[in-house]
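Let's take a walk through this model together. Have the sequence and the coordinates open as we go.

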Amino acid sequence: QVNDRRILNGVFAVCGIPESKFITTCSTVDKLDKMPWEEVRSEMVGEKGLSPEAADHIGEYVQLHGGLDLIERLLQDPKLSQNKLAKEGLGDMKLLFEYLTLFGITGKISFDLSLARGLDYYTGVIFEAVLLQQENDHVEESVSVGSVAGGGRYDGLVGMFDPKGRKVPCVGVSIGIERIFSILEQRVKASGEKVRTTETQVLVATPQKHLLAARLKLISELWDAGIKAEMLYKKDPKLLKQLQYCEDMGIPLAAIVGEQELTDGVVKLRDVATREEVRM
């Protein structure tokens, strides 16, 4: 979802909101993704002291979402097109959508006038990444599972820390790591599959003591062949412990070299899940 702070401020201005109430109105508009318009409207009128007419006027704008067609429509809007800030914001939004069209990703982007992002240091474009989830195969409508990243442009923030007060245009984004993790955990739980935290394809294991050299030699050959292999970094680990490690880490294969294998010049390859073994 993208919007521009200047477009929002332009909307507030043409709806007759005094500038002193822009920020508080903004934070109320930002609740539109969690609350229906009726509740947002009553908060504007009841708590923020806006007139019912002004609130209704804002409602006509902030419930709009679309793409280039909506930007073109708003650029022709008799009131909004007269507002300098809104015109600048819409001009930039049009340029952004032209770039997005070149990247071929407009299908993933919604120009959303309800997006406000509560922080008042944003000066231009603002955006949120929202994960959509198909409810099931029969339902076309995708369900939002919440914002997983958000940010925007702030031209004045860095300058506050500069002794000369220079304007440094910046765009920043923060990612909701915890939310992403909780969504991933839910998905994994639903699918019933085990999560692998490693890409290791094979564990090199030995069943007896004093075979560290054999393990090192084999693992070196596997690495040279581009195979992702690892071993337990203990001198003489027990075989059960090595196989248990494969199960815990989801490593599918164990390459076992014991004294007999060394004598025969073979490696015993074990499928960890099925416990089948072949000598190679």
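What you're looking at is a predicted model, where local features need pLDDT of at least 70, side-chain atom pairs count only at pLDDT 80 or more, and totals for chains, interfaces and linings use all residues. Residues are numbered from 1 along each chain as its sequence is written, and side-chain values use heavy atoms, with hydrogens and water left out.

Start with the overall shape. The C-alpha trace spans about 90 × 55 × 35 Å along its principal axes. The radius of gyration of the protein chain is 30 Å, whereas a compact globule of 280 residues would have one near 19 Å (taken over C-alpha atoms; the globule rule is 2.2 Å times the number of residues to the power 0.38). Of those 280 residues, 36% count as buried. The chain holds 10 helices and 11 strands, which are DSSP runs numbered from the N terminus (helices: H or I, at least four residues; strands: E, at least two).

Now zoom in on helix H4 (residues 52-62), where the buried residues include Ala54, His57, Ile58 and Tyr61. Among the elements covering the buried residues of H4 are helices H1 (5-14), H2 (22-29), H3 (37-46) and H5 (68-75), with contact meaning heavy atoms within 4.5 Å.

On to charges. Side chains of opposite charge can pair when their charged atoms come close. The rule here is a side-chain nitrogen of Lys or Arg within 4 Å of a carboxyl oxygen of Asp or Glu, and it gives 19 salt bridges. In one of them, Glu72 meets Lys94 at 3.3 Å, N to O. That pair links distant parts of the chain, with Glu72 in helix H5 and Lys94 in helix H6, 22 residues apart. Glu72 counts as partly exposed because its relative accessibility is 32%, and Lys94 is partly exposed too, at 26%.

Asp4 and Arg6 pair at 2.9 Å between the closest N and O atoms. Here Asp4 is buried, at 1% relative accessible area, and Arg6 is buried at 16%.

Finally, look at residues 201-280, where an unreviewed UniProt entry places the feature "domain: Anticodon-binding"; such positions follow the numbering used here, feature names are shortened, and annotations may be inferred rather than shown by experiment. The span is 38% helix and 21% strand, and its end C-alpha atoms lie 17 Å apart.

Terms used: Buried means under 20% relative accessible area, exposed over 50%, partly exposed in between (1.4 Å probe, protein chains only).
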